[in-house]
Amino acid sequence: MIDWTAIDTVLLDMDGTLLDLHYDNAFWFEHLPRTWGARRGLDVHAAREAIHAQAERRRGTLDFYCMAYWSELLELDVAALNAELAHLIGLRPQVPEFLDWLLAAGKRRVLVTNSHRSGLDFKLARTGLGAWLDAIVCAHDLAAPKEDPAFWPRLQEQLGFDPARTLLVDDNAHVLRAARDYGIGHLLAVAQPDSKAQAQHLPDLPMLDSFAQVLPGA
């Protein structure tokens with residue numbers, strides 16, 4: 001499935017790729033609407049719809065991923081509320097084995113995430129994920145989300161990778177297509193980012209069911 005001799009750098013998304021997206025979905029679709037709605041006399045459905053409408057207005061921007069933005073908008077400490085579901089944060093299957101193999105194979109392992117820095121640091125502390133990575137890039141530090149074409153030349157300037165010899169693994173189709181348009185030579189879309197939800201199907205992208213399937217000999 002992957003010609004590893006043609007790859008030097010592996011760019012890895014965090015939420016939904018290395019970490020189970022169930023935590024984020026449980027927070028944004030259940031815990032946050034329930035808490036915010038209760039303070040405003042709204043049931044969870046009405047609160048979810050109101051938050052979703054706001055999110056759609058900011059989709060594709062850094063604000064969409066920014067805890068400070070949401071905290072101000074909702075008048076709620078979103079970062080503190082996140083911690084209440086910390087027990088749901090977890091690695092996806094075969095992640096440690098895959099990252100260990102990349103190290104042994106001499107591939108550069110770079111976490112590239114849209115996550116706000118506070119959320120990123122919280123998850124790194126919870127999972128110890130940083131020990132398996134050679135570099136970590138937060139999109140907020142590059143002033144553009146991964147969906148934005150402006151993100152990719154900035155990332156290349158910072159990391160110095162060859163796009164043609166780079167693999168991106170991500171669960172977001174918009175991000176993968178932006179990377180493809182920039183010239184990232186190898187792409188994998190995570191089929192089931194949330195272990196408790198149905199798999200996604202993206203006909204124009206190669207799908208990854210499990211990291212085990214891309215290890216040599218799988």
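1. A crossing of two helices is called left-handed if the near helix is turned anticlockwise from the far one by less than a right angle, and right-handed if clockwise. Helix α2 (residues 44-58) passes α3 in a right-handed crossing; helices (H or I, at least four residues) and strands (E, at least two) are DSSP runs, numbered from the N terminus.

2. The model is predicted: local features need pLDDT of at least 70, side-chain atom pairs count only at pLDDT 80 or more, and totals for chains, interfaces and linings use all residues. Residues are numbered from 1 along each chain as its sequence is written, and side-chain values use heavy atoms, with hydrogens and water left out.

3. Helix α2 and helix α3 (residues 67-74) pack at an angle of about 135 degrees, and their axes are 12 Å apart (axes are lines fitted to C-alpha atoms, for helices over the stretch in contact, and angles run from 0 to 180 degrees between N-to-C directions). This makes α2 oblique to α3; angles under 35 degrees count as roughly parallel, over 145 as roughly antiparallel, 65 to 115 as roughly perpendicular and the rest as oblique. I51, Q54, A55 and R58 of α2 make the contact with Y69, W70, L73 and L74 of α3 (heavy atoms within 4.5 Å).

4. Helices α7 (151-159) and α8 (residues 173-182) pack at about 70 degrees, with axes 9 Å apart, and are therefore roughly perpendicular to each other. The contact involves W152, P153 and Q156 of α7 and V175, A178, A179 and Y182 of α8. By class, this contact of α7 with α8 has 6 nonpolar, 1 polar and no charged residues (Ala, Val, Leu, Ile, Met, Phe, Trp, Tyr, Cys and Pro count as nonpolar, Asp, Glu, Lys and Arg as charged, and the others, Gly among them, as polar).

5. In helix α5 (residues 95-104), V95, F98, L99 and L102 are buried (under 20% relative accessible area, with exposed over 50% and partly exposed in between; 1.4 Å probe, protein chains only). They lie on the same side of α5 because they cover an arc of only 95 degrees around the axis, taken from the directions from the helix axis to the C-beta atoms. The buried residues of α5 pack against β1 (9-12) and β2 (108-113).

6. P145 is located in the loop between β3 (135-138) and α7, and counts as buried at 4% relative accessibility. Leaving aside neighbours within four places in sequence, P145 has contacts that include G60, Y65 and F151.
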